[in-house]
Amino acid sequence: MSSPRTRSNLSVADLRGLWSQAFRDIRAETERRAAPLSSEDQVVQSMPDASPTKWHRAHTTWFFEQFLLSVHHPGYRVFDERFAYLFNSYYVAAGPRYARPMRGMLTRPSAEEVGAYRGHVDAAIVDLLISADESALKKIIAVLEIGLHHEQQHQELIVTDILHAFSLNPTHPAYDAAYAAPACNQSQGVAEIVSGIHMIGDDGEGFAFDNERPQHRVFLAGARIGRSLVSNRQWLEFMADGGYATPTLWLSDGWATVQAEGWQAPGYWRQGDGAWLTMTLGGLRPVDPAAPVCHVSYYEADAFARWARKRLPSEAEWEIAARGGLLPDAFDQVWQWTQSAYSPYPGYRPAAGALGEYNGKFMVNQMVLRGSSHATPKGHARASYRNFFPPAARWQFSGLRLAEDLR
Ligand SMILES: [Fe+2]
């Protein structure tokens, strides 16, 4: 999203109007993504990591109620006192919460009631933005902005989570019958990152999450980074060469996961009549060799890189290359695994209060992905953006590009 706050020469009235509009637009996008889904679709939770669409719609609403309206809107009437327990995700400081793996048990409130909850909170937020004291407006906008970026993260999760649910349905439902998988240009060569001191992290140009700060210097020894994403065609070569059956290509945890899960191909791939098929947002489709490989875990990405006699880029290498305009497919196709563990930057300070739980407490046992995917809302990602998932996760739109040391 664009950040009205950063535009110069805005009057207070302009700020109120622009943020009200940004709020309405992003809230509407969530509903647009939920619109193709029936009430039954919206209640299903296909695995503990995935959440029901209805829960995403309610949780993003609770976020504004909990962190904005309850704090800054004196006359606000909570829509339903029970919802904080149902729709708090992981904020310990905000009180007890319903168990994550049980979210699919919530047949009540209905999807329609969640819609009413959203409407109630939407009206109160716009009222707050219009009526808040000028002195309080800055604080309100700061939390609102986090809430909107938070909602955009859940917009992508709505799509990834329903795809997982639909992948388990033998009728292979299409979320979007007109869906077209992204295509990648596979002959873009490599870009060189020179050895030396580079700067990464939030450059202050717009919104950033706390995990992108502080901006800091890193030393890079110099590398070549692939300008193209790894394609399904390349992945099929890896498979044909016994990639999933060669333990020396795999990290120990990765090989154990391959064995335990019986992985022989990326997530959602299944053998058709002589060809691989994959479950997509458009239903079950033949694997397109020209498309970037998607739904691979960190373990698979790492094994593929070893097979190709290369490695994954570090997140710093990725960011420097992206900032330099060297990666044409950096955004809007698939998230790209990096070799970097999700850790705090030097000098990292979590945000104050309960919102400090947003990112910092997850900085262990996860790997960083960079870029964005075709399911990421427009304007959400940036060069410094740090996405993160556990190394076995593959229900996100996750792929890779390769790198190698300069010799
Ligand atoms: Fe959340």
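Predicted model: local features only at pLDDT ≥ 70, side-chain atom pairs only at ≥ 80, totals over all residues.
1. The iron ion. Three histidines supply the protein donors of the iron ion: H59, H150 and H154, each through NE2, lying 2.2 Å from the ion. Along the sequence, the donor residues follow the spacing H-x90-H-x3-H.

2. H59 belongs to helix α3 (residues 53-72), whereas H150 belongs to helix α6 (residues 134-167). The two residues are 91 residues apart, and the pair thus links distant parts of the chain.

3. H59 has a relative accessible area of 1%, and H150 has a relative accessibility of 3%. Buried means under 20% relative accessible area, so H59 counts as buried, and so does H150.

4. The sheet. Three strands form an open sheet in the order β1-β4-β12, and their pairing is antiparallel. The edges are taken by β1 (190-193) and β12 (403-405); because each has a single partner strand, one side of each is left without a neighbour in the sheet. On average, neighbouring strands of this sheet are turned by 20 degrees against each other, direction ignored.

5. Pairing of β4 with β12. Strand β4 (residues 223-226) pairs with β12 in the antiparallel sense over 3 bridges. Within this part of the sheet, A223 stands opposite D405 in β12.

6. The helix on the sheet. Helix α10 (residues 315-323) packs on the sheet and touches β1, β4 and β12. The direction of α10 makes about 70 degrees with that of β4.

Definitions and conventions:
Residues numbered from 1 in each chain as written. Heavy atoms only, no water. Pairing = 2+ DSSP bridges. Helix = DSSP H or I, 4+ residues; strand = E, 2+ residues; numbered from the N terminus. Axes fitted to C-alpha atoms, helices over the stretch in contact; angles between N-to-C directions. Contact = heavy atoms within 4.5 Å. Donors = N, O, S within 2.8 Å, 3.2 Å for Na, K, Ca; no water. Buried < 20%, exposed > 50% of the residue type's maximum accessible area, 1.4 Å probe, protein only.
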